[in-house]
Amino acid sequence: MRAAHQPGLSRRLLLAAFGSAAASTALTACSVPEAPRRGTRAADPLPGKAISIARHERLMQILAHPDDDLYFMNPDTQRMLDSGTPLVCVYVTAGEANGINAIAGRPRPRPDKPAYSSARHQGLRQAYAALLGLAPYTPWTKGVTELRGGHQAEINTLDRGGRRVELIFLDLAMHTARGHLGLPSLWAYRGLDLRTVIAEGSPLQTAKPYTYDALVDVLTGLLSQYRPTVVHTLDPDPDIQHSPTAVRRKDSEQVGYSDHADHTATASFSWAALIRWVAEATGGGGEVPAFVTTAYRGYYNRHWPKNLSPQVVREKASHLVPYGGSAAWECGNQGGCGDYNVGGRRPLTNKKGWVRSTHYRYPGPRPVLATEKDGRLVGYGVLGLRAVRWRETAPGSGQWGPPDDLGGGPLAPALGGTALADGTQLLFGLRFSSLAGHGAANTREVVLLQQRAPGGEFAAWTGLGNPETDPDSGRRIGVPVTVTAPDGRVHLFVRNASQGISSRVRDAAGRWGGWRDLGGGQIQDGLSAVADGAGLVHVFAAGRDTVHHWAQSAPGGPLSWLQEPGLPLPGDFPTAVAAADGGVDVYYPKPASSRIAAVHLGGTHPGAAPATPVLPGPDGRGRTRLLQNGRVLVRREGAVPLEGTALHMSGGPAGEPAVAGLGPGAQPWIWRPVRSV
């Protein structure tokens with residue numbers, strides 16, 4: 001068993017008292033520092049703040065390189081753009097690499113970093129013109145935008161029929177003067193000014209170098225200016241991955257981790273800016289900005305089964321074709337007509353397989369659903385990096401009221417949730433307990449929010465610590481997943497840094513035990529926990545070779561890893577549901593397919609066909625599907641669903657299913673399929 005940090009039983013993270021000096025001191029100690037320390041406000045985790053009302057939809061993506069969005073965030077970007085959501089892409093580096101835009105079958109050209117950067121910018125213009133349904137060479141409006149701190153950047157804009165794309169190029173150099181990677185160095189070391197690379201043909205003539213704080217401030221300013229309702233970032237905490245040196249270099253991965261170091265640094269700067277934006281907006285009693293975030297895995301896709309169907313992969317790869325362009329194209333851009341190493345069929349033939357998956361760093365329900373005593377649906381989610389509660393306006397109305405701020409931020413995008421036997425709600429989050437560069441603390445912790453009484457108000461947030469003793473390993477943990485057993489115990493599970501599962505258990509009296517490593521095989525995040533008819537707790541997770549299964553052998557006992565026969569290779573995370581015969585139905589997507597596999601385990605009819613309602617994942621167009629009684633029902637109207645759609649068997653007529661999710665406006669929606677067919 002792994003040695004684990006045990007923070008004591010129910011260590012208090014926040015104090016309920018608002019007025020005392022002691023409370024103020026405790027809250028300051030637990031807030032996220034902003035680095036470098038320049039006297040700006042830090043994140044305030046106290047609840048009860050006003051939340052702004054989003055008056056528009058807007059997606060902002062913060063990328064390290066040109067093409068990160070096309071490889072790692074599509075098809076989500078495409079679907080939101082198709083729905084009419086305006087898009088702003090912020091590219092932090094110039095993407096100039098070594099300055100060589102290699103052309104297959106031709107002599108290696110001389111390095112020209114401004115030209116290669118310009119060619120990649122042109123590739124993006126070609127790709128997004130095609131995404132808008134326009135010819136790749138469609139002219140864009142080019143200009144210079146003013147940023148905080150006297151900085152400037154090139155901005156390209158294209159409109160079509162009310163749909164709008166803006167590309168903002170900060171163009172920080174990918175390497176320092178000594179040849180080190182630029183953004184990781186800027187995040188890690190004090191006293192560094194990172195120069196910019198102005199692309200050939202850019203309307204921008206001169207640009208200042210960036211310091212650490214200047215980059216955080218510029219990103220914060222862009223967030224404040226555009227006020228996006230959805231923010232896409234890369235992965236701030238990639239998996240630990242010890243690949244052989246030759247493999248790592250070929251895959252462009254950083255030492256020890258499953259991603260490019262620029263991706264990690266850009267994501268870290270992005271989350272620091274998000275935290276600063278919320279702190280600035282709420283300073284002096286201002287409103288919490290209404291936005292949701294999604295963090296995407298990057299080179300992680302190389303190491304796990306592929307999760308996109310052939311239809312989606314073909315479409316996703318097709319958007320990289322105009323980005324790659326060709327030296328034979330007459331696009332009118334002097335620096336070049338795309339990133340030539342990416343065009344044609346290369347995204348599909350590339351053995352790294354980046355294009356064949358879209359993985360989320362923080363998978364989970366958005367929102368967590370429950371039913372209140374009066375029959376209203378209630379949803380808990382993360383808005384503006386803070387926990388919120390939405391209530392249905394009336395039982396069965398299908399309309400949500402405004403969000404109530406529950407505080408606790410800054411939180412990862414997905415919550416875990418469970419209810420006690422009396423209906424008391426428990427919410428669990430993954431908190432950025434500190435996030436700073438220059439060698440300062442960068443830590444994560446699991447936190448708990450519990451109702452004082454069923455249907456009542458919530459007590460203060462409580463810290464549950466981290467199963468990892470090393471802060472760097474502690475950054476790798478996953479989203480908390482929980483289940484309440486019939487004996488009253490609450491089981492908390494998280495994916496740990498070794499890609500296994502760690503657990504804490506709360507007894508019926510409310511006392512938490514320490515963290516325990518459950519062992520077993522390596523798995524992805526996106527765990528699913530359930531209690532069967534005999535009161536035994538099960539947890540399932542997708543591995544590289546099979547669906548992994550942990551279970552109790554007796555109620556109240558420890559969970560053990562079961563080498564379950566007959567569970568084939570999964571394409572993505574599973575969903576486990578208690579079956580009517582006392583067993584468990586397990587559903588999971590097949591690799592590289594939109595088809596769903598289903599297995600029934602235990603119960604009075606082992607091997608029977610699973611029959612419980614379940615969300616089998618989106619269809620090829622990203623629409624929400626419900627599998628019920630052998631029928632697949634599709635939500636065909638309403639806001640485009642973001643990831644994390646949730647299902648709840650409500651207390652309404654005949655226990656009808658209620659499906660809820662978030663849309664591009666950072667607002668939840670409800671779908672009751674039984675009423676719509």
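Predicted model: local features only at pLDDT ≥ 70, side-chain atom pairs only at ≥ 80, totals over all residues.
Helix α6, which covers residues 212–226 and so comprises 15 residues by the DSSP assignment, extends 22 Å from its first C-alpha to its last, close to the 21 Å expected at 1.5 Å a residue. Of the 15 residues of α6, 13 are buried, so the helix is largely enclosed by the rest of the structure. Directly after α6, Arg227 adopts a positive phi of about 45°.

At the level of the whole protein, the secondary structure amounts to 13 helices and 32 strands. The radius of gyration is 24 Å, close to the 26 Å that the globule rule gives for 677 residues, so the protein is as compact as a globular protein of that length. The C-alpha trace spans about 70 × 60 × 50 Å along its principal axes, and 61% of the 677 residues count as buried.

Among the strands, β17, β18, β19 and β20 form an open sheet of 4 strands, in the order β17-β18-β19-β20 and with antiparallel pairing. The edges of this sheet are β17 (481–484) and β20 (516–517), each of which pairs on one side only. Strand β19, made up of residues 501–506, runs antiparallel to β20 and is joined to it by 2 bridges; within this part of the sheet, Ser503 stands opposite Arg516 of β20.

Aromatic contacts were examined next. A search of the whole structure finds 18 aromatic pairs. Tyr71 and Phe72 are both buried, and together with Tyr299 and Trp354 they form one aromatic cluster. A stacked arrangement is found for Trp271 and Phe432, with 4.6 Å from centre to centre and 15° between the planes. Since Trp271 belongs to helix α8 (residues 261–282) and Phe432 to strand β14 (residues 425–435), this pair ties together parts that are 161 residues apart in sequence. Both Trp271 and Phe432 are buried.

Two arginine side chains are also placed over aromatic rings. Arg297 lies over the face of Tyr300, at 4.3 Å from the ring centre, while the charged end of Arg544 sits over the ring of Trp304, at 3.8 Å from the centre of that ring.

The torsion about the S-S bond of Cys331 and Cys337 is about -85°, so the disulfide is left-handed. Both partners fall under the 20% relative accessible area that defines a buried residue: Cys331 counts as buried at 14% relative accessibility, and Cys337 likewise counts as buried, at 5%. Cys89, by contrast, is in no disulfide, and the nearest cysteine sulfur to it, that of Cys331, is 19 Å away. With a relative accessible area of 0%, Cys89 is buried.

Methods: Residues numbered from 1 in each chain as written. Heavy atoms only, no water. Pairing = 2+ DSSP bridges. Expected span 1.5 Å × (residues − 1). Buried < 20%, exposed > 50% of the residue type's maximum accessible area, 1.4 Å probe, protein only. Phe/Tyr/Trp six-rings, centres within 6.5 Å; stacked < 30°, edge-to-face > 60°. Lys NZ or Arg CZ within 6 Å of the ring centre and 35° of its normal. Disulfide = S-S within 2.5 Å. Rg over C-alpha atoms; globule rule 2.2 N^0.38 Å.
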